[in-house]
Amino acid sequence: MKIQEYIQILRRRGWIILLAAAITAASAFVFSELQTPVYRASVQVAIQLARPDLSLTQSAKQLLRSYAHMMLSENRAKQVIDALGLYMDPRDLKDNVKIAADDSIMTIKIEVDNTDGDVANDIANTWSQLLVQWRNEQNALQDKQDRVFAEIIDPASYRLLRPKTKVNVAAGAALGLVLGAVVVFILEWLEAGVIHDPSIIESETGLTILGTIPPIQRQSSAR
């Protein structure tokens, strides 16, 4: 097909593509607005060594994941619930918390998902304080040169996790464009053998059209 033919198709049926994009984008927007917002609070805890010793550093890196795993428990969740006076089940709270260790920068990151951003911040801050408290308790049982300290870098801050309205609308519009293009392709394929303009025959065959048969108009039966 020539570029002019594609342009003609877009002129005739481009409204189908635009309509499909508008419908899917609007649907994505409505779906996003109906969702309950979920916020994610995050806080980082730095793990520091009492002395810059290579063997101690390697040991701390190996224990870092153990620290994270130990903190993510129903017992810790219950401690957070009791400290904040929350009406939650420890298992449900634990399911909305992620604790991950990064031995490249010697930090433990705590992430909390909640429908209330301030509550998510409170949970993350309390959980990080429990980590610091636990390390202080363990250090009290060790020699000073072998201690490993935990320090909160910054207080927790939250951001909107979902819904991502702008992303959803953009994805919906893109999907609508694709679906609209598919519909136009199908319509053009179904009408591929139908000639709407006599000039097409003249341009393709070089012959001159002498006349055309007008469409038959049905007459309504007399009453």
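Predicted model: local features only at pLDDT ≥ 70, side-chain atom pairs only at ≥ 80, totals over all residues.
Colleague: Let's start with glutamate 111. Where is it?

Modeller: Glutamate 111 sits in strand β3, which covers residues 107-114.

Colleague: Why is glutamate 111 called buried?

Modeller: Its relative accessible area is 16%, and buried means under 20%, so glutamate 111 gets the label.

Colleague: What makes glutamate 111 and lysine 109 a polar contact?

Modeller: Their side chains are joined at 3.4 Å. The cut-off for such a pair of N or O atoms is within 3.5 Å, so this one counts.

Colleague: How many residues of β3 are buried?

Modeller: In β3, 7 of the 8 residues are buried, so the strand is mostly covered.

Colleague: How do you know that β1 and β3 pair?

Modeller: Two strands pair if there are at least two bridges between them. Strand β1, residues 38-49, has 8 bridges to β3, so they pair, and in the antiparallel sense. At one spot, tyrosine 39 stands opposite asparagine 114 of β3.

Colleague: What about β2 and β3?

Modeller: Strand β2, residues 97-102, is joined to β3 by 6 bridges, so that passes too, and the two run antiparallel. Valine 97 has valine 112 in β3 as its bridge partner. The hairpin of β2 and β3 has 4 residues between the strands, and methionine 106 there takes a positive phi near 55°.

Colleague: On to helix α3. Which of its residues are buried?

Modeller: In α3, residues 74-84, they are Arg76, Ala77, Val80 and Ile81.

Colleague: Why say that the buried residues of α3 line one face of the helix?

Modeller: Looking down the axis of α3, they fall within an arc of 140°, so they line one face. In general, an α-helix has 3.6 residues a turn, so residues three or four places apart point the same way. Just after α3, glycine 85 takes a positive phi of about 65°.

Colleague: Which residues touch the most other members of the largest nonpolar core?

Modeller: Leu93, Ile99, Ile108 and Trp127 do, in a core of 30 residues. Helix α5, residues 117-139, gives the largest share, 8 residues.

Colleague: What does isoleucine 99 touch?

Modeller: Not counting residues up to four places away in sequence, isoleucine 99 touches Ala68, Met71, Leu72, Ile108, Lys109, Ile110 and Trp127.

Key. Residues numbered from 1 in each chain as written. Heavy atoms only, no water. Buried < 20%, exposed > 50% of the residue type's maximum accessible area, 1.4 Å probe, protein only. Polar contact = N/O pair within 3.5 Å; in protein donor to acceptor, adjacent residues only side chain to side chain. Arc of directions from axis to C-beta. Core = buried A, V, L, I, M, F, W, Y, C linked by side-chain atoms within 4.5 Å. Contact = heavy atoms within 4.5 Å.
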